[in-house]
Amino acid sequence: QVQLVESGGGLVQPGGSLRLSCAASGTIFSIYAMGWYRQAPGKQRELVARISSGGSTNYADSVKGRFTISRDYAKNTVYLQMNSLKIEDTAVYYCNAMYGNTAWGQGTQVTVSS
């Protein structure tokens, strides 16, 4: 089993930055990919960014060039650095880990508003 705990959400003005963190615990050796998803009110959950155990990354087109996903293996933590935030980035952000099964964090709210 893998457990995930997110942190770092909050309220930020358009153009601002936030960094989300996701700490993994449990059978972390079995994780082969981690990612961030988001869900805005009335919309489906969507992939924001993913990073494999080998370090390869992929991003949603809407966040390319603004968001960066990274992973600290020593701390068992994955990060999402979000720059140049837009109002449409407002959503609950969820951390995800794939290990033969799928684990989800509890979600953290990101609100971009002036």
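Tutor: Thr 108 touches Glu 6, Gly 8, Gly 9, Leu 20, Ala 91, Val 92 and Tyr 93, where residues up to four places away in sequence are not counted and contact means heavy atoms within 4.5 Å. This is a predicted model, in which local features need pLDDT of at least 70 and side-chain atom pairs count only at pLDDT 80 or more, while totals for chains, interfaces and linings use all residues. Residues are numbered from 1 along each chain as its sequence is written, and side-chain values use heavy atoms, with hydrogens and water left out.

The side chain of Thr 108 also reaches the backbone nitrogen of Gly 9, at 3.3 Å. Such a polar contact is a pair of N or O atoms within 3.5 Å; within protein, one must be able to donate a hydrogen and the other to accept it, and residues adjacent in sequence count only if both atoms are side-chain atoms. With a relative accessible area of 11%, Thr 108 is buried. Buried means under 20% relative accessible area, exposed means over 50%, and partly exposed lies in between, with a 1.4 Å probe and protein chains only.

Thr 108 lies in strand 11. Helices (H or I, at least four residues) and strands (E, at least two) are DSSP runs, numbered from the N terminus. Strand 11 covers residues 108-112; Thr 108, Val 110 and Val 112 form its covered face, whereas Gln 109 and Thr 111 form the uncovered one.

Next come the partners of strand 11. Two strands pair if DSSP finds at least two bridges between them. Strand 2 (residues 10-12) pairs with strand 11 in the parallel sense, over three bridges, and Gly 10 stands opposite Val 110 there. Strand 9 and strand 11 run antiparallel and are joined by three bridges. Within strand 11, Gln 109 is the bridge partner of Val 92, and Val 110 stands opposite Ala 91.

Six of its eight residues are buried, so strand 9 is largely enclosed by the rest of the structure. Seven bridges join strand 9 to strand 4, and these two run antiparallel; Met 34 stands opposite Ala 97 in strand 9. Strand 10 is also antiparallel to strand 9, with three bridges between them, and Ala 97 stands opposite Ala 103 in strand 10. These two strands form a hairpin with three residues between them, and Gly 100 in the turn has a positive phi of about 100°.

A disulfide is a covalent bond between the sulfur atoms of two cysteines. Here the term is applied to a pair of cysteine sulfur atoms within 2.5 Å, and a search of the whole structure finds one disulfide. This bond joins Cys 22 to Cys 95, with 2.0 Å from S to S, and the angle of -85° about the S-S bond makes the link left-handed. Because Cys 22 lies in strand 3 (residues 18-26) and Cys 95 in strand 9 (residues 91-98), the pair ties together parts that are 73 residues apart in sequence. Cys 22 is buried at 0% relative accessible area, and Cys 95 is likewise buried at 0%.

Rings of Phe, Tyr and Trp (its six-membered ring) pair if their centres lie within 6.5 Å; planes under 30 degrees apart count as stacked, over 60 as edge-to-face and the rest as tilted. By this rule there is one aromatic pair. The ring centres of Tyr 37 and Trp 104 are 5.0 Å apart and the planes are at 70°, so the pair is edge-to-face. Since Tyr 37 lies in strand 4 (residues 33-39) and Trp 104 in strand 10 (residues 102-104), this pair ties together parts that are 67 residues apart in sequence. Tyr 37 is buried at 15% relative accessibility, whereas Trp 104 is partly exposed at 38%.

Finally, there is a charge to consider. A charge sits over a ring if NZ of Lys or CZ of Arg is within 6 Å of the ring centre and within 35 degrees of the ring normal. Arg 45 lies over the face of Trp 104, at 4.6 Å from the ring centre, and over the face of Tyr 94, at 3.7 Å from the ring centre.
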